[in-house]
Structures are given as C-alpha cells and as structure tokens.
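User: I have a structure open and want to go through parts of it with you. Can we start with the backbone and then move on?

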Amino acid sequence: MKELTYMKNDGDVHGGIKDTSINTSHTSVWRNVVIIKVPFGLGGARGGAELGPDELITAGLKREIASLGLVLSKEVRVECPSEPAVSAGRNRVKHLNEVRQVSEKVCHEVSVAVREGAFPLVLGGDHSVAIGTFAGLTAHYSNLGVIWFDAHADLNTEERSLSGNMHGMSVAASLGHTAFNLSHIAGAGAFIDPSNLVYIGLRDLDEYEKEQIKGLGIRAFTMHDIDRMGIQQVIEQAIATAGQGTDGIHVSFDMDCLDPREAPGVGTPVPGGLNYREAHYALEILASTNQVTSMELVEVNPLFDHNRHTARLGVELIASLLGKRIL
C-alpha cells in the first residue's frame with residue numbers, strides 16, 4: 001500500500017511516497033487546515049443544506065481542530081447564490097448555471113489550499129459542491145483515489161436523472177459522464193478513474209446507477225456488504241482500492257450515509273445506514289493510513305435536525321479523520 005508522507009517545516013508541506021501497511025500512529029501528517037465553507041443548497045432536493053457550514057462551525061468544529069494541535073490557517077466562505085438568477089426554462093436539470101458558478105469558485109479555493117500545503121476541509125452545502133472539490137483536487141493530483149460515503153451513488157446524468165437535482169450527478173461529473181463536468185471548469189485536471197473510486201454505505205440506487213456501477217467496475221460496499229463483512233473488512237478493502245498506487249485519498253462524506261436515527265438532519269434520509277461506531281471506526285482507520293489528502297462533509301440540514309445533533313456528530317467525524325482517538 002502507498003502512503004503519502006509529509007515533512008512539516010514552518011508550515012511547508014513536501015510530498016513523497018513510500019510503501020507501508022496501515023499504521024497505528026495517531027499523529028496527523030497535516031499541520032495546517034483550511035476550512036472552505038460552501039453554503040449552497042440549490043443542487044439538492046429540498047432547502048436547508050446551505051445552512052450546514054455555519055451549523056458545523058457553531059457546533060464546535062474550530063475548537064476540535066485546535067484541540068488536535070492543528071492550525072486553522074484560513075477559513076474561506078464561498079459566495080453562493082441562494083436563488084436562481086434566471087429561469088431554467090425548459091431545461092429539466094435544476095439550477096445548472098448556479099452549480100457551475102459555485103463549482104468554479106470551490107475549485108479555486110481547494111486548489112489554493114493544496115498549493116499552500118494545507119488540508120482542504122470543504123463544508124457543504126449539498127453534495128453538488130463535490131464537483132468543484134474534485135476540480136480543485138485534480139489540478140494537483142493526477143491519479144486521485146476517492147472514498148465516497150453515501151446512501152446514494154450520485155451517478156446520474158442530465159438525461160437519466162429522475163429528479164433533475166445535481167447533487168445526484170456529482171460522481172458522474174467527476175468521471176466525465178455528464179454534459180457539464182470537470183472539463184468545463186477552468187484549472188481542473190483529469191477525470192477520476194473509476195478503478196480508484198469506492199462507495200461505502202449505498203442503499204438507495206436508481207436502476208441506471210446500478211448498471212453504471214457494474215459496467216464501470218466501481219468497488220461498491222452496500223449496507224448489505226457491511227452487515228455481512230463488518231466495517232473493518234470493508235474499510236480495509238476500500239483503502240486497498242482507493243489508496244493503491246494513487247496520489248492519495250479524498251474522502252467525501254455525505255451525512256445521509258448514516259442511519260437517520262444517528263443523523264436526522266439531512267436532506268435525503270434513508271433508513272438502515274451506518275451507525276455511530278461504524279462511521280467513527282472507518283474514519284479512524286483512514287486517518288491512520290496517512291493517505292488522506294482532503295475531506296468534504298456535506299448535506300447537514302439544520303431544518304430537519306434535533307438540537308444540533310447531526311452537526312455535532314459531523315464535527316466528531318471530522319475530528320476522527322483528522323486524527324482524534326479515544327486513547
């Protein structure tokens with residue numbers, strides 16, 4: 001397995017690669033973190049996800065980062081439209097122009113964070129913000145691995161989407177399968193290789209998405225697989241796929257991968273998801289590999305939450321990926 005290693009000198013980060021197995025070090029290889037808030041909800045099915053980034057901050061995210069000995073070098077807020085600028089007319093894809101604008105801005109901020117040697121932590125917003133995240137990361141990583149925690153595959157295209165919501169097309173855009181994709185964003189790099197992509201937590205798929213996963217040979221762990229194999233085997237196999245020979249692993253974490261009893265405040269809840277310890281364990285093991293290049297956490301929707309429960313859990317999960325341990 002490949003591990004990204006970094007020397008930390010006065011905030012500079014220099015990359016190298018060495019062969020290693022999963023290690024047990026609890027020390028993060030990253031010193032500086034850049035929070036990129038993307039308060040955008042027009043790519044989703046219902047409003048409220050645009051409130052997610054501020055809710056995560058209020059729930060104590062910056063305190064958690066500081067407690068881990070990491071430096072919050074910058075906090076960026078991407079300016080996002082809250083209402084469509086013009087009517088979409090007959091275009092069945094909802095808010096395409098707004099998603100394009102936000103993707104370009106997110107791409108720029110993520111790219112700057114990577115160039116400055118920091119860990120980009122993108123806070124959504126709905127999952128369409130991942131298009132911009134992918135664009136910014138691929139500007140620097142030509143062979144990126146991706147672990148996508150989600151109840152949904154987000155593999156629909158403009159033609160095949162049943163809803164027209166672009167948060168369900170973000171993976172397809174990263175693979176180059178949609179009309180609007182990474183190639184239309186200035187500064188973006190190559191498309192994601194489907195052999196470097198792993199899904200964890202799937203349980204609500206359209207027929208077209210099932211065909212695509214099988215046809216493209218994407219490694220996918222459904223909740224049935226997690227029940228059968230256990231989260232330890234799932235995450236270890238996911239790391240072996242997304243981390244072998246790649247430039248590192250990007251973790252995209254949709255809060256609806258969790259069971260709604262754990263995370264009620266999401267836009268598209270689906271029963272039967274990951275439980276509290278399964279999610280933490282997966283992220284703790286990912287952190288121990290020192291291969292994670294970046295993270296986004298999306299779909300926190302305070303309008304459907306109870307006493308900020310989902311936002312607090314999101315903060316805890318981010319902390320686990322950044323190196324927090326029980327002991």
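User: Where is Glu299?
Analyst: Glu299 sits in the loop between β10 and α10 (309-321); helices (H or I, at least four residues) and strands (E, at least two) are DSSP runs, numbered from the N terminus. This is a predicted model, in which local features need pLDDT of at least 70, side-chain atom pairs count only at pLDDT 80 or more, and totals for chains, interfaces and linings use all residues. Residues are numbered from 1 along each chain as its sequence is written, and side-chain values use heavy atoms, with hydrogens and water left out.

User: What is phi of Glu299 near?
Analyst: Phi of Glu299 is near 70°, a positive value in a residue other than glycine. Most residues other than glycine have a negative phi.

User: Buried or exposed, that Glu299?
Analyst: Glu299 is buried, with a relative accessible area of 4%. Buried means under 20% relative accessible area, exposed over 50%, and partly exposed in between (1.4 Å probe, protein chains only).

User: And what about phi of Asn290?
Analyst: Asn290 is not a glycine either, yet has a positive phi of about 55°. Asn290 belongs to the loop between α9 and β10 and is buried at a relative accessible area of 10%.

User: Which peptide bond is cis?
Analyst: The bond from Gly124 to Gly125 is cis, with omega near 20°. Gly125 is in the loop between β5 (119-124) and α4 (130-138).

User: Switching to strands. How many residues of β9 are buried?
Analyst: Six of the six residues of β9 (residues 249-254) are buried, so the strand is largely enclosed by the rest of the structure. Ile249, Val251 and Phe253 point one way, while His250, Ser252 and Asp254 point the other way.

User: What does β9 pair with, and in which sense?
Analyst: Strand β6 (residues 145-149) pairs with β9 in the parallel sense over five bridges, and strand β10 (residues 292-298) pairs with β9, also in the parallel sense, over six bridges. Two strands pair if DSSP finds at least two bridges between them.

User: Which residues are across from Phe253?
Analyst: Phe149 stands opposite Phe253, and in β10 the bridge partner of Phe253 is Leu297. From β9 the chain crosses through helix α9 (residues 276-288) to β10, and this β-α-β crossover is right-handed. Right-handed here means that, with the strands pointing away from the viewer, the path from the first strand over the helix to the second runs clockwise.

User: What about Gly248, where is that?
Analyst: Gly248 is in the loop between α8 (231-243) and β9, and is buried with a relative accessible area of 2%. The C-alpha atoms of Gly248 and Val146 are separated by 8.3 Å, and the two residues are 102 apart along the chain.

User: Next, what does Ser103 touch?
Analyst: Not counting residues up to four places away in sequence, Ser103 touches Ile131, Gly132, Phe180 and Ile185, where contact means heavy atoms within 4.5 Å. Ser103 is in helix α3 (residues 96-115) and is buried, with a relative accessible area of 2%.

User: Last topic: what volume does the largest pocket have?
Analyst: The largest pocket has a volume of about 300 Å³. On a 1 Å grid over the protein atoms alone, a pocket is an open set of points where a 1.4 Å probe fits, with protein on both sides within 12 Å along at least five of seven lines, and lining residues have an atom within 4 Å of a point. A volume is the space filled by probe spheres set on the points, which are joined across faces, edges and corners.

User: Which lining residues are closest to its centre?
Analyst: Of the 20 residues that line the largest pocket, His152, Asp154, Ser163, His167 and Gly168 are the closest to its centre.
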